[in-house]
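Me: I would like a close look at one part of this protein. Please take it step by step, in plain terms.

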Amino acid sequence: MRGIGIFAFGGPEVLQVVELPETHAAAGEVRIRVQASTVNPTDTYLRKGARAEALRTVPPPHVPGMDVAGVIDEIGAGATTNLAIGDAVMAMVVNHASHGGYRESIVLPADAVVRAPAGKSMVEAATLPMNGLTARQSLDQLALKPGQTLAVTGAAGCYGGYVVQLAKADGLRVIADASPADMALVRALGADVVVPRGDDIAAQIRKVAPGGVDGLADGSFQSGAAVGAVRDGGSFASVRGWAGFDRGITFHKTSVRDYNHRADLLERLRQQVEAGRITLRVAATLPAEQAAEAHRRIEAKGVRGRLVLVWTHS
Ligand SMILES: NC(=O)c1ccc[n+]([C@@H]2O[C@H](COP(=O)([O-])OP(=O)(O)OC[C@H]3O[C@@H](n4cnc5c(N)ncnc54)[C@H](OP(=O)(O)O)[C@@H]3O)[C@@H](O)[C@H]2O)c1
């Protein structure tokens, strides 16, 4: 069975087609014949060695990838699931060692897998689980009430875009950043106010919310440059573990791995896609064998929507 993995950390060129042992669904698990695997920024960090310490004692190849869509082809004994063989599904992959999303077949806990949204392609469906759950987790951590104001940085990105849309569905007022080229996109996602992105983001947000915002989801990872936008006693969600000590602000570290086994939340996201509340954005598809090219593109910045690797099964 094929996957895309690495034997050494490095540039995009270290990604290669690897042969992996066939795996089968055990009790409580399902197996998915993968059709689409997304390429996320975190995959590039893994490739460069960000998790080298955690992988030190694990033999390569290491397989990146945190979400997949495909068709169920095995259900393990005792899986309490309403899924059936042949169902089109999507899931987040909490990757470790060779257990990553860049593989043509993957075994996952049944309670991490849900049906793909009706009317959406496998490629589109694959773009939802990991970033949709991350956006949900940040909003759950910030715990704002309807009518309160949320600021979102990196709003044109996958995480930021989902935060904007889910926040609007939660009844929040949303101030989001964008480059001139992304203004229309971010407005179309539903932001109430769009401000110019940049190093002065806190000042830009304060121009439209002089008392500061109630919460901020920091998709651009601007951290200290963004926190000034938050009112005293507000809240701040970092996607990469940053925390400050500021004016009574509560700092949250969003880590989507904590939302593994949350088919209930993923199911709700699926319903929101079907209701037109969430937009699935695909930047481009590439054959899985061209994963290195996908990594080059994502590292070049400016990709809007997700790059998706497509598997061809013989
Ligand atoms: N902790 C978790 O569990 C978790 C889960 C998912 C994602 N993440 C992290 O969340 C972040 C966003 O992920 P994503 O998939 O949404 O990435 P993405 O699609 O690349 O979006 C990031 C957005 O932020 C913009 N940006 C980057 N640096 C900026 C800056 N200095 N000022 C203003 N805008 C800037 C990017 O613009 P350009 O393309 O023009 O640079 C892009 O629009 C990544 O760091 C990712 O690793 C963490």
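Which residues of the largest nonpolar core touch the most other members?

Reply: The model is a predicted one. Its largest nonpolar core has 87 residues, and the ones that touch the most other members are Ala91, Val163, Val164 and Ala176. Helix H4 gives the most to this core, with seven residues. Domain 1 (2-128 + 281-310) and domain 2 (131-257) both give residues to the core, so the core lies between them.

Take Ala91 as an example. Leaving out residues up to four places away in sequence, Ala91 touches Ile32, Asp67, Val68, Leu108, Ala112, Val113 and Pro129.

Next, the two domains. The protein chain is divided into domain 1 (2-128 + 281-310) and domain 2 (131-257), and their C-alpha centres are 28 Å apart. Where they meet, seven residues of domain 1 are in contact with eight residues of domain 2. On the domain 1 side of this contact there are three nonpolar residues, one polar residue and three charged residues.

The ligand also involves both domains: the shell around it draws at least three residues from each of domain 1 and domain 2. In total 23 residues surround the ligand, and the closest are Gly154, Gly157, Tyr159, Ser220 and Val256. The elements that give two or more residues to this shell are helix H1 (41-48), helix H3 (129-142) and helix H4 (158-169). Helix H4 gives the most here, with three residues. By class, the shell has seven nonpolar, 13 polar and three charged residues.

In H1, the buried residues are Asp43, Leu46 and Arg47. These residues cover an arc of only 100° around the axis, which puts them on the same side of H1. Strand S3 (29-39) and helix H8 (291-299) are among what covers them. After H1 comes Gly49, with a positive phi near 110°.

Helix H6 (residues 201-208) has Ile201, Ala202 and Ile205 as its buried residues. Viewed down the axis of H6, these fall within an arc of 100°, so they line one face of the helix. Their cover includes strand S8 (149-153), strand S9 (173-178), strand S10 (193-196) and strand S11 (213-218).

The loops hold a few backbone details. In the loop between H1 and strand S4 (67-75) sits Pro61. The peptide bond from Pro60 to Pro61 is cis, and its omega is near 10°.

Ala143 is in the loop between H3 and S8. Its phi is near 50°, a positive value in a residue other than glycine. Ala143 counts as exposed because it has 12 C-beta neighbours inside 10 Å, and a residue is exposed if that number is 12 or fewer.

Phe221 is in the loop between S11 and strand S12 (230-238). Phe221 is not a glycine either, yet its phi is positive, about 55°. With 15 other C-beta atoms within 10 Å, Phe221 is partly exposed.

Definitions and conventions. Residues numbered from 1 in each chain as written. Predicted model: local features only at pLDDT ≥ 70, side-chain atom pairs only at ≥ 80, totals over all residues. Buried ≥ 20, exposed ≤ 12 C-beta atoms within 10 Å, placed from the backbone. Helix = DSSP H or I, 4+ residues; strand = E, 2+ residues; numbered from the N terminus. Arc of directions from axis to C-beta. Contact = placed C-beta atoms within 7 Å. Near = placed C-beta within 6 Å. Nonpolar A, V, L, I, M, F, W, Y, C, P; charged D, E, K, R; others polar. Domains from an automatic or database assignment. Core = buried A, V, L, I, M, F, W, Y, C linked by C-beta atoms within 7 Å.
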